[in-house]
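Work through these exercises with the structure open beside you. Try each task before you read its solution.

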Amino acid sequence: MPRAMIAAVRTVLAMIILALAGPASADDARLRARLDPETLGQVEAIVASASRSGLPTAPLVATALEGTSKRAPGPRIVLAVRRHAAALSAARDAFGDRASESELVAGAGALLAGLDPDTLVRLRDARPRQSLVIPLVVLSDLLARSVPAGAAARAVLGATRAGARDGDLLKLRQRIEQDIREGASPAEAAAARARTLVHGTGIGKNPGAQRPGRKRSEVSLP
Amino acid sequence: MKRPSLAMLILAAGLLARPVRAEVASSFDLCARLGGAEHSVASMVGLIPGLEIDAGRGRLWFDGSGVSTGGRLRLQAARAAADARVARFGPGEALLLVAVTREERRGKPALQALRTEARLGWSRRRAGGWIGAGGQLSSDGGHAPRRGLLGIGGWARTGTFTFSAALDQTEDVRTTIFPAVLEQTPESTWAVLVPERRDHESLTLSHAHTRLGWSRGPLEVETVAGLTFGRYHAPRRWIQARTALGLTRQLALVATAGLLTPQWFALDASRERRATLGVRLVPAVAPSGFAPGAPRPAVTSWRVKRIAEGRYALEVRAPGARAVEIMGDMTGWEAFGLAHLGGSRWRAELDMTPGVHRLNLRLDDGPWRAPLGVATAPDGFNGEVGIIVVE
């Protein structure tokens, strides 16, 4: 079959898939403008499937756009979008059908950063009625700062179970970040700051000034 | 069919590696020159070609210096080099460097050299350094035994100032001629008793040099000073001051004074004291330097500041940068240029929602990187992405 005909067939198939996927949106237009027809077809199929399952699709579109901007090959873009869709699905399994879109997006981000899915379940149990967005944001940030997944989970779960509010968790994140910048090991900083938050000056108050980078002898891993 | 040379294979391997970045950084100068041996004013054309291909683990680059004073443009010094990063550890890296240099003096080839060197370097946001050892094969090397060459250098950056200093070595050859011993024969002719003999002795020349640069907005000032010394070699000092004022993105006024050796590849690399004043056609005020270990544009600090509901300002300090761009989920993963506020300050206003955001920064059309100091994560596309939390 001539190449021109193969390309035409691919284009027609892509158009059919697009037509089946629903009305064109701004995201669709951006994907069409930046993906080759074959990759576009596969990405649109994943996005349409996620949409039918009630999962948020904006993160999937963003992942595809990131791949095109970084000139990644089509198969790698499709793989990255598929992984993201799987992470969104796993987050929904952990949080349940009542999870908000923001929680699913944040949960998927944490899973992609290396968090164990069981931690999401335990986080939901620790905060059954409140939003999990901020704990998940803090978890994702700690993982990106090289805090081991276990230490990050222990720190955030411990603080959440002790009743830490969103503001306390954001302060916890800032202080761990500061300690790491000052030379503390990420695991040590997370453990020490979480312990200070829970047992030190108390939840809802200013966590103490103990800095693991400066007083290492006083710090022990849990 | 002609077999591909090693250089072609290295170039092909470099180009096939991903990601590859090619940057042309040539300048073209039209100047009036004052001074020199003739103590006169003359028009001069200068060309400083530059090309760099960055393939991540290895780079190829070329730079040189060409000057014309009589209507014919002549390349008086040129250097082609390749380096490969063989190891990386924290802020440090180990490099293998191969460089071919060609210099002319008064229109005749004076030196062609092949230099190989291993370097250990480290680089942080405000300081860096390197130490190296290697060897050199020179066209005028004769049969002299060769020696190892050492080098050490470092740089520091504070605010708008950049200071660097280095001590490195090159090989030179001292040739001693022992004239022939002749004897007059009874027939009144000359017979050679002892033929002429030439002894070559390998000498090591050491070059100590410092550079102080300052830039603010479109104005750049740079002073380069050095001392060359060695056995049987009278110490030679050199210094040049250069200033450039960017008029537009493509045009700058330049002025130089002093003298400079060709190895710096600056305008009018002469051994005579001169002053020049002219205009430079170049995409930036000054071409970037490619030497390994040299300070490169870098983001030294950055912050996100909330300016309104859902509106944030990204402020970046990047000394030496000619362009700063951001790309992230907040820009739909399209490159967005920051506005230059003067000096090393850059700023952009972006719409963002509170939460986790992914972004990359790029300087001077270079590779997209996570901003220094932010949390990073693999991006799923063989690179890394910066993770920021907007509260």
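This is a predicted model: local features need pLDDT of at least 70, side-chain atom pairs count only at pLDDT 80 or more; totals for chains, interfaces and linings use all residues.

**Exercise 1: Salt bridges**

Task: How many salt bridges are there over all chains?

Solution. 
- Step 1. Side chains of opposite charge can pair when their charged atoms come close.
- Step 2. Take the total. The count over all chains comes to 26 salt bridges.
- Step 3. Start with E66(A) and K70(A). They form a salt bridge, with the closest N and O atoms 2.9 Å apart. Both E66(A) and K70(A) are buried.
- Step 4. Go on to D141(A) and R173(A). Their side chains meet in a salt bridge at 3.1 Å, N to O. D141(A) lies in helix α8 of chain A and R173(A) in helix α10 (residues 166–181) of chain A, so the pair ties together parts that are 32 residues apart in sequence.
- Step 5. Check burial for this pair. D141(A) has a relative accessible area of 0%, so D141(A) is buried. R173(A) also counts as buried, because its relative accessibility is 7%.
- Step 6. Cross to chain B. The side chains of R362(B) and E325(B) meet in a salt bridge, 2.8 Å from N to O. R362(B) is in strand β25 of chain B and E325(B) in strand β21 of chain B, so the pair ties together parts that are 37 residues apart in sequence. R362(B) and E325(B) are both buried.
- Step 7. Salt bridges link R303(B), K305(B), R311(B), E315(B), R347(B), E349(B) and D351(B).

**Exercise 2: The second largest pocket**

Task: Which helix gives the most to the lining of the second largest pocket? Describe the rest of the lining too.

Solution. 
- Step 1. Take the volume. The second largest pocket has about 1300 Å³.
- Step 2. Find its centre. Of the 43 lining residues, P59(A), V105(A), D329(B), V356(B) and R358(B) lie nearest the centre.
- Step 3. List the elements. Those that each supply at least two lining residues include α2 (26–34) and α4 (58–69) of chain A, and β25 (355–363) and β26 (375–378) of chain B.
- Step 4. Name the helix. α6(A) gives the most, with seven residues.
- Step 5. Sort the lining by type. The residues divide into 24 nonpolar, ten polar and nine charged.

**Exercise 3: A nonpolar patch**

Task: Is I152(B) buried, partly exposed or exposed?

Solution. 
- Step 1. Find the patch. F89(B), L120(B), I131(B), I152(B), L167(B) and F229(B) form a nonpolar patch on the surface. Together they have about 520 Å² of accessible area.
- Step 2. Decide. I152(B) counts as partly exposed, because its relative accessibility is 45%.

Key: Residues are numbered from 1 along each chain as its sequence is written. Chains are lettered from A and ligands numbered from 1 in the order in which they are written. Side-chain values use heavy atoms; hydrogens and water are left out. On a 1 Å grid over the protein atoms alone, a cavity is a set of points where a 1.4 Å probe fits but cannot get out, and a pocket is an open set with protein on both sides within 12 Å along at least five of seven lines; lining residues have an atom within 4 Å of a point. Grid points are joined across faces, edges and corners, and a volume is the space filled by probe spheres set on the points. Helices (H or I, at least four residues) and strands (E, at least two) are DSSP runs, numbered from the N terminus. Ala, Val, Leu, Ile, Met, Phe, Trp, Tyr, Cys and Pro count as nonpolar, Asp, Glu, Lys and Arg as charged, and the others, Gly among them, as polar. Patches are made of residues with over 30% relative accessible area and no salt bridge: like charges are joined within 9 Å, nonpolar side chains (Val, Leu, Ile, Met, Phe, Trp, Tyr) within 5 Å. Accessible areas come from the Shrake-Rupley method with a 1.4 Å probe; for residues, only the protein chains shown count as cover. A salt bridge is a side-chain nitrogen of Lys or Arg within 4 Å of a carboxyl oxygen of Asp or Glu. Buried means under 20% relative accessible area, exposed over 50%, partly exposed in between (1.4 Å probe, protein chains only).
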